[in-house]
Amino acid sequence: VGGRWHAAERPPTWRNHSPCIALGQPLCRHRSMPPSSDQLAVLDAAHEALPVELVEVRPGRTLAIHSQPRPGAEQTVLFVHGSCGSLLQWKDQIALAAKERAVVAFDTFGCGRSPKPPEWDAYSFAELRDDLAAVLARFSVPGRTMVVVAHSAGCSLALAVAAASLASTPPGPPIDGLCLMGAFAEPPRVPSIFYLPTFVLSLMQPRLSAGFEALALHADTRAGKTAARRYLLGLAPAVNAANDMFMCKAYYRQLSAPSKEEIQSVGAEVPCLLIAGEDDALVPPESTAELHALLSSGAPSEMHSVRATSHQLMQEDPEAVNALLGAFLQSVYARPKPKKTAKARASAVPDKSFASQTRFSSLPSEE
């Protein structure tokens, strides 16, 4: 009974009185089962191919960042993974972009090789958005176009940062193009399972991982029909096994998205490419089409679907995704940078910098 709640999941006024503390927290501190030796071998090989540095991007927030600077490059591509994922999912897209461009990818707080503190508010949408804004500012170079490539819930973070940048005075670091994969306009309903105690979720983690993979991976992938799909069958469970279930719970319970008005403000200024898995069972193409409709308000916007793929389309069919992404990167580079419109200036908040606007009001801890 005493292990029903993790101390960090209670409101602050409860923490010093938690029965878990009195009992030495034998259940509250229960963490996810560690990856198996085979899974660790898969992760080690993947990590070696995409090394990272731990960088404090803002006070108290350190992220694992993979970067390939290219002096003289005229475009930077910043990759943002989806919920509870890893920068490893972008391996093939990073290889494409790095041929001619500077590349940045990072593990969001709590994911991959980034720190995983047991703090509820650390995984709020506000904090994760501020992290992305800090990474964008750190790697923006004057005169160089910046394209953000995002997946799933990472698309919401990218849209929120783009909207804040456009609305700030002076404007924040520009985002010259957005490539959004498996994206949605409104976040899905939080599965009720994430209201269970953390130690229960930890015990259920292998089944939860298998359930996710059944939805996120196409039947052809699960059948291992290509080398890329066979590799993915080994990588996906390893990445999932490395996740901390407290982080997953806190992340999904605080998942959010920018408003429709914010999304439309981005669509008016920023060229967008949306790519959906034709058989995505987590974010159906219809959901991505709803977002596309909101973004089709001025700047060029396209939507494509990739056959025989589900939610992890960039890993399931990297050739098809890279063909679309490569053409989009080139189109953004060739497009003249638009000046901030009078409408955008009018909607900006006077005397507020981008840095101040990348701070949401703090969200309450779990009750």
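Me: Let's start with Tyr123: why is this residue called buried?

Reply: Buried means under 20% relative accessible area, exposed over 50%, and partly exposed in between, using a 1.4 Å probe and protein chains only. Tyr123 has a relative accessible area of 1%, so the residue is buried. A word on the source: this is a predicted model, where local features need pLDDT of at least 70, side-chain atom pairs count only at pLDDT 80 or more, and totals for chains, interfaces and linings use all residues. Residues are numbered from 1 along each chain as its sequence is written, and side-chain values use heavy atoms, leaving out hydrogens and water.

Me: What makes Phe109 and Tyr123 a tilted pair?

Reply: Rings of Phe, Tyr and Trp (its six-membered ring) pair if their centres lie within 6.5 Å; planes under 30 degrees apart count as stacked, over 60 as edge-to-face and the rest as tilted. Here the centres are 6.1 Å apart and the planes at 35°, so the pair is tilted. Phe109 is buried too, because its relative accessibility is 5%.

Me: What sits over the ring of Phe109?

Reply: The charged end of Arg61, 3.8 Å from the ring centre. The rule asks for NZ of Lys or CZ of Arg within 6 Å of the ring centre and within 35 degrees of the ring normal.

Me: Why does Trp90 count as buried?

Reply: Because its relative accessibility is 0%. Phe79 also counts as buried, at 0%.
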